[in-house]
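Please keep the sequence and structure in view while reading.

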Protein chains: 2
Amino acid sequence: MTPDWVLNERLEQDSFWLGTRDGVQFRLMKDARYAWLVLIPQVPGAEDWHDLTQPMQSHLFALSMQASKVVKQALRADKMNVANLGNMVRQLHVHVVARHVTDAAWPNPVWGLGEATAHAEPEKSIQEMRDLLEL
Amino acid sequence: MTPDWVLNERLEQDSFWLGTRDGVQFRLMKDARYAWLVLIPQVPGAEDWHDLTQPMQSHLFALSMQASKVVKQALRADKMNVANLGNMVRQLHVHVVARHVTDAAWPNPVWGLGEATAHAEPEKSIQEMRDLLEL
């Protein structure tokens, strides 16, 4: 779709690929403390959400909302965090994080808090999330 | 519009009213360290963005994008943070924060970091933001 788009190295290193839907890559953060998705539009140069064309803005938003709703219900999350920050990694990416009042960071944001915990069975976690998101 | 919607007390206390557009309240956080907007849909009971009807989801998103774009340009921000967290205050609200690499929290998120700094001239700050956002 966009031949000159390349995934940011840090995003690639810190997350597993789940699937791609109409130019948006779904990834699972390598941190078993949270069900933490990152959605990345494969658009070269995009940093802020408003940098995208309106159709792509809306597409990324719709996918974020859909993921938020499905994950919240399946995991009985207490709250979803949906955010584009991008202070560390400028390549546009939207976090969709399931939060529980019992989780490691609650009620603080998840970013920059302690050390990530590796998934015990990454392939199982990946498959479960793919099934949930129909990827 | 929604007679039984009441603004959360903490949001009310921590921010100034800027204006309301089609059921979404724009407020300016009482923290002069950042240009920090909060957009709050006047929908009773809404906590997650996906709780809203699709038209209201999209309306809130469009207003967030518009604010993000206008504020970034006017303040020459380095990055915009657009986020619904709601871990502390559950009433649905979207943060739109202009970030500069020189700001107090950079590159960390702004939430929960240090003490808010009062605006030297709140009415001036409010009016500038109203003009910018055409409220």
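The contact between the chains takes 27 residues from chain A and 27 residues from chain B, two residues being in contact if their C-beta atoms, placed from the backbone, lie within 7 Å. This is a predicted model, in which local features need pLDDT of at least 70 and side-chain atom pairs count only at pLDDT 80 or more, whereas totals for chains, interfaces and linings use all residues. Residues are numbered from 1 along each chain as its sequence is written, and chains are lettered from A and ligands numbered from 1 in the order in which they are written.

On the side of chain A that touches chain B, α2 (54-75) and β4 (79-84) of chain A each supply at least two residues; helices (H or I, at least four residues) and strands (E, at least two) are DSSP runs, numbered from the N terminus. β4(A) and strand β4 (residues 79-84) of chain B run antiparallel and are joined by three bridges, where pairing requires that DSSP find at least two bridges between two strands. Within this pairing, A:Ala83 has B:Ala83 of β4(B) as its bridge partner.

In chain A, helix α3 (residues 122-133) has 12 residues and reaches 16 Å from its first C-alpha to its last, close to the 16 Å expected at 1.5 Å a residue; the expected span is 1.5 Å times one less than the number of residues. A:Glu134 follows α3(A) with a positive phi, near 55°.
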